[in-house]
Amino acid sequence: MIWFYYILAILLVIISLYHFIVARNYVKRLIALNILGSGVFLFFITTAKNTNTESPDPVPHALVLTGIVVAVSATAIAVSLILHLNKEEE
Amino acid sequence: MISFDLGYLIVLPLLASIFSLISPIRVYIALAFSLLSFLLSVYSFLYTLRDNTPLYQWIGGWTPPLGIGLRLDGLSGFFLLMIGIVSLFVALYSISFFNVEYKRQGRFFWFFFFFLWAGLNAFFLSEDLFNLYVALEVLSLTAVILVALPGYKKAIKASLNYLFLSILASMFYLLGIAMLYANYGVLSMSLLSQKLSDTQEFIYALFPITIALAIKSALLPFHFWLPPAHSSTVAPASALLSSLVIKPPAYLMLRLWMEVLPKDKSLEYLSIVLSIMGALAIFIGSYYAIRQKTIKRLLAYSTVAQMGYLFLMAPIYYHGGMLKEAVFQAFALQVFSHALAKASMFLSSGNAIYVAKRDELSYMPGFAHSHPFTFFALFFSGATLIGLPLSAGFVAKFLFLELSIKLGFFLHGGIMLLGSLLASLYVYPIWKECFSSHPTKFYDKPIPQLMEISAFLLGFLAFSSGMITGFLLEGIARR
Amino acid sequence: MLDLALGLMLFVSALLSLHSKDTMKSGVFFIIFGFLSGLIWVRLEAPDVALVEIILGSAITGLLIFKLVKGSKQKDLKAFTFTRLWAGFISFLILIFMLFHLTTIERQDRIASLVFENLHKSGVDSAVNAVLLNFRGYDTLLEVGVITLAIFGLLSLGLKREAYYWDNPLLKGFSRLLLPFIVFFSLYITYLGTFSVGGAFQGGALLAGGLVIFALAGQALPLKASIIYIFMMAGLGVFSLIGLLYALLGYGFLTYPLELSTISIMIIELSIWISTAFLLYTAYRGKL
Amino acid sequence: MAFEILSIAFMFIGAIFLLAGSIGLIRLKDTYSRLHALTKADVLGFGFIVLSCILSTDLLSHWIKLLLVWLLAISYSALVGYALANRKKRYA
């Protein structure tokens, strides 16, 4: 099962990377970045499961929590910048 | 007696940022905290100079791999000193700058200024890879907001592109850490270096990490975000971004190559690729800088070129394991001289734009007569960028040249000298305009004294620190 | 089997979200994606991450993206063939690299056993929160810094666009009815963090969700702007003051002595709880 | 034993209702009929699933939590149905 999740994480990373480069629309780019982030987090969490201890490794969980909060902060800034840009263009 | 704690270097700027936002007397708070943080930076540099061993501090008393380590050695202490000097003078400049221009932005500027300081201190002190990610994120988000600060369309657009690229880079960096963690199970750099010896798996993780660091420090194929971002914001912010914010990724690369990664054949190829990119960055950056008509874009492209030096020397980081101290000295001095000089130049460009209300080069003639302080700032810092003798830039380039000859990389030394020549080609037009004896328009609008003097002092320090390099170099070599 | 189905659905929703021409559709599929990834975190025994992901990664990010879609009329231009080619090339390169890397991963303990050994010295019983607030508390301090920084950055842009709301008596009544429960429940989750699944970010995100529903009904909180301001600052301020305090007392930066660790962590958790909630609420509103 | 069989049966019934609702959501043509399928499935299917869960545990705290979840779910499903119908009516 672990290998399935690893491969899923890699697929998420590469398809969102492809769409990030290809997309010309800011909204699509933002979504692609968020999905890229999810792929990376999935990689981390799967690694947490890949141990010999009974319950999974809590360190990656804490790191991913940090990562999610940081990603949301960056998304909030991006949204506000894009809205600002649209207002300037009107 | 309160004992010295590395945490102060991070907490004090953080608290300063909060106070400067909620308090009505933000300028005084900013001044007081800037001085305090500056003194702390100086103290930590002197600390490394006095004690011959690096200072390790385990936060919470948890030793790695469980906890996070802070490390103060000669190199990081020196960079703390650099951050302190640049930030202090930028703070002095900003007090006056936001008094006369961009008053609305001045309300929030100090918050981001101190956050940036905290982030930089955190970055240079940390020795935990994930902690470096968070510090990097603090830096890049602050930088993005600083770019968007003026609020007009050009700035917002530049900052948006910067934001997208820097989130991408952060995700890549995080991916690299995840891969390293999956293989080695540690995040601390010193433990990682023990675990890495005689293994090869790290190569896969190094790939995303290198891309991430290249994007963040604007190495050639990813340099396109830098000129619009650094040139479209207000002068103090440009100075901070161009002199301080893009240095940390390069520093991290140096640390990884010199202290963490083992000798591996594939690393050698990677170092060649990096040095080719660095060389191209020097040529292309200089070429575009020469062609620019506005002073801020010229300076931004010159940053691309100057960052190229740090990557041009990648083979030296790989082969120079025996000469670690010398490599650190050369690298640190190059970063230091560029940081001080570029900050001074951006601040002076702010002065020029304040007077002329335009940022075309042709609109700032005769500065040598009307505003000699600004002219001398431009002169000294330009000389440092070129690397004229006596300046810190000269010493840095000399050290690099010596290393490349010692290790047999004659071509790299030659490219560096060529880069100096190109630098003189793009610095020269600025001097020429300043000395123009038949100015089309004579500006007698006075510049606030604090703005002139802080820009001048930074430039002067950048130049004159070449004469006290013995003292600085000794500090860097302490480990 | 369940994993396979969930993973497939996750991948398909990601593809649909990235592929669709209509940005509104992308947003909807992105929310579905976030929700499914939350379920996957549960499958991978990471309930803490699942809580935060569903509320932050799916709900709040989704709302922000909807706000963006409504306010942006940018056309999606087709990329050049050349761009497509090199994007494909780079993605392919990374695919190859990562697949090779997969072959090198081994099953090993990493830090996990060390964390469980030291858990009793941390002052918290839940392993994730022990890592988050004690072992790697410094990371969390900077993280709280990042989110505070981001929201104040957004405020400094000074955008005065009204957030979308639906003026309807039923929704108003519902959100008013719900809010006290959500406050109570999020506080409970925060408190739960000291010994089980839950914690400050989880609880704060939950409260933020409740506050955003409140705002969606077009009502403002009966709080003064200055109080919201202080709430937003609370996390960073309290956390760094406690760090400073222990440094000044001679224990060292963010180093809690064993007998004071539980209470210190509780105080920090409470302050992070309130500030996360109000920061995210402000992120949605876009103004104070 | 009887409880277990009952629990599994309820789970099946709930799942069938949810499936029917999903099929209705895809196959039905206009918004109101879709909404009808969706909300009905939510209330009934979800109700049966909660019931089956309640039967499979004998802890009071779990019962209370499940009931609360059910209460919240039906109240928001009603609200969402109302909101969608309202929207449709206004912008039809």
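Predicted model: local features only at pLDDT ≥ 70, side-chain atom pairs only at ≥ 80, totals over all residues.
1. Contact here means heavy atoms within 4.5 Å. Leaving aside residues up to four places away in sequence, B:Tyr317 touches B:Met253, B:Leu254, B:Trp257, B:Met258, B:Leu310, B:Val327, B:Phe331 and B:Phe400.

2. B:Tyr317 also turns up when you look at the largest nonpolar core, which has 360 residues. The members that touch the most other members are A:Phe43, B:Tyr317, C:Trp41 and C:Tyr138. If you want to know which helix gives the most to this core, go to α6 of chain B (residues 153–184), with 22 residues.

3. Staying in chain B, have a look at α12 (residues 265–291) and α13 (residues 295–312). These two helices pack with their axes 7 Å apart, at an angle of about 160°. Angles over 145 degrees count as roughly antiparallel, so α12(B) is roughly antiparallel to α13(B). Their crossing is left-handed.

4. Who makes that contact? On the α12(B) side, the residues include B:Leu274, B:Gly278, B:Ile282, B:Gly285 and B:Tyr288. Among those from α13(B) are B:Leu298, B:Tyr301, B:Val304, B:Gly308 and B:Phe311. By type, the residues of the contact between α12(B) and α13(B) split into 13 nonpolar and 6 polar, with no charged ones.

5. Now for chain C, which has 11 helices and 0 strands. Its C-alpha atoms fill a box of roughly 65 × 55 × 35 Å along the principal axes. Chain C has 288 residues, and 59% of them count as buried. Of the contacts in chain C with a separation of 6 or more, 74% are between residues 24 or more positions apart.

6. One residue of chain C to click on is C:Leu44, in the loop between α2 (23–43) and α3 (47–71) of that chain. Is C:Leu44 buried or exposed? Its relative accessible area is 3%, so C:Leu44 is buried. Setting aside residues up to four places away in sequence, C:Leu44 touches A:Tyr5, A:Leu42, A:Ile45, A:Thr46, A:Lys49 and A:Pro56. As for C:Ser58, that residue is 14 residues from C:Leu44 in sequence and 18 Å from it in space, C-alpha to C-alpha.

7. Last, how the chains meet. There are 4 pairs of chains in contact, and chains A and C share the most contacts. Chain D does not touch chain A, and the nearest C-alpha atoms of those two are 23 Å apart. Chain D does not touch chain B either; there the nearest C-alpha atoms are 34 Å apart.

Notes. Residues numbered from 1 in each chain as written. Chains lettered and ligands numbered in written order. Heavy atoms only, no water. Axes fitted to C-alpha atoms, helices over the stretch in contact; angles between N-to-C directions. Helix = DSSP H or I, 4+ residues; strand = E, 2+ residues; numbered from the N terminus. Parallel < 35°, antiparallel > 145°, perpendicular 65-115°, else oblique. Left-handed = near helix turned anticlockwise from the far one by under 90°. Nonpolar A, V, L, I, M, F, W, Y, C, P; charged D, E, K, R; others polar. Core = buried A, V, L, I, M, F, W, Y, C linked by side-chain atoms within 4.5 Å. Buried < 20%, exposed > 50% of the residue type's maximum accessible area, 1.4 Å probe, protein only.
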